[in-house]
Amino acid sequence: MNIIVQTRRLIIREFTPREEILLVNLYKDERVTQYVNKRTEEETLKQFAEALKQYKDGSGLGRWGIFNPADNDFIGVCILKPADSDPTRIELGYVLAPKYWGIGIATELSRALIFYGFEDKGLTEICACTHPENTTSQNVLLKAGLVRDGNVFWHGADLPFFKITGKPPLNLPR
C-alpha cells in the first residue's frame with residue numbers, strides 16, 4: 001500500500017482491495033451521509049473499484065483511506081482528484097467517521113492534502129464544495145486556507161464553492 005501523506009495523527013494511503021467493507025460501512029451511517037449524496041452499496045463498491053484502478057494511472061491523485069497511525073483505526077475517506085463535475089479542477093473532499101468529528105482531524109487532513117497537492121504534485125489550485133447547511137465543513141475549509149468563491153453547480157446541486165491558489169505557506173510535519 002502506498003502512503004500519500006502522514007501527519008502525527010493521520011495516515012492517508014491507498015486502500016487495499018480487501019478494505020472495501022470499510023467504505024461500505026462508513027456510508028451506511030446516516031450521520032455521515034447527512035451532507036453528501038446518498039449511495040447504494042453497489043455504487044460505493046463501484047467507486048471503490050474505480051479508486052483502485054486510479055492508483056495505477058501514475059497521477060498521484062485519487063480517493064484514499066484515512067487511518068490512525070497509533071492503531072490503524074479507519075478514520076474515513078478523502079479525495080484529491082479531478083472533480084467529477086468539472087474535471088479541469090482538482091477537488092479536495094473528505095468523509096469522516098463520527099467518532100473523529102470535532103477534534104481537528106478534518107482541518108489537519110485538509111491542510112495535509114493541500115500541502116501534498118502543491119508541494120508534491122505541483123498543483124496551482126485546489127477547490128472544494130460543501131452542502132449549504134454544512135457550516136462545520138465550510139469552517140474547516142476556511143481554516144485550511146481556502147477562500148469562499150461564490151457557488152457552483154456540482155454534484156447535482158448549487159453548492160458553496162471554496163478554492164486556494166498559488167503556493168500556500170504550510171509547514172506540516174511529514
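Contact here means heavy atoms within 4.5 Å. Keep that in mind as you tour this predicted model.

**Stop 1: the whole protein**

Show the whole protein as a cartoon. Its secondary structure comes to four helices and eight strands. Start at the N terminus and follow the elements: they run β-β-α-α-β-β-β-α-β-α-β-β. The radius of gyration is 15 Å, close to the 16 Å that the globule rule gives for 174 residues, so the protein is as compact as a globular protein of that length. The trace spans about 35 × 35 × 35 Å.

**Stop 2: surface and inside**

The protein exposes about 9,000 Å². Carbon and sulfur atoms supply 49% of that area. What share of the 174 residues counts as buried? The figure is 49%.

Next, think about contacts between residues at least 6 apart in sequence. Of these, 58% join residues at least 24 apart.

Colour the charges. There are 22 positive and 22 negative ones, and their mean positions are 4 Å apart.

**Stop 3: helix H1**

Select residues 20–28, which form helix H1. Which residues of H1 are buried? They are Leu23, Val24, Leu26 and Tyr27. Look down the axis of H1. The buried residues fall within an arc of 160°, so they line one face of the helix. An α-helix has 3.6 residues a turn, so residues three or four places apart point the same way.

Now find what this face packs against.

**Stop 4: Glu19**

Select Glu19. This residue sits in the loop between strand S2 (11–13) and H1. Is Glu19 buried or exposed? Its relative accessibility is 12%. Buried means under 20%, so Glu19 counts as buried.

Show the side chains around Glu19. Leave aside its neighbours within four places in sequence. Glu19 is then in contact with Arg13, Glu14, Phe48 and Phe67.

**Stop 5: Ser110**

Select helix H3, residues 105–120. Ser110 has its place in this helix. Ser110 is buried, and its relative accessible area is 0%.

Which residues touch Ser110, apart from its neighbours within four places in sequence? Select Leu92, Tyr94, Val140 and Ala144, which are in contact with Ser110.

Notes
Residues are numbered from 1 along each chain as its sequence is written. This is a predicted model: local features need pLDDT of at least 70, side-chain atom pairs count only at pLDDT 80 or more; totals for chains, interfaces and linings use all residues. Side-chain values use heavy atoms; hydrogens and water are left out. Helices (H or I, at least four residues) and strands (E, at least two) are DSSP runs, numbered from the N terminus. The radius of gyration is taken over C-alpha atoms; the globule rule is 2.2 Å times the number of residues to the power 0.38. Buried means under 20% relative accessible area, exposed over 50%, partly exposed in between (1.4 Å probe, protein chains only). Accessible areas come from the Shrake-Rupley method with a 1.4 Å probe; for residues, only the protein chains shown count as cover. Lys and Arg count as positive and Asp and Glu as negative; His and the chain ends are not counted. The place of a charge is taken as NZ of Lys, CZ of Arg, CG of Asp or CD of Glu. The arc is that of the directions from the helix axis to the C-beta atoms.
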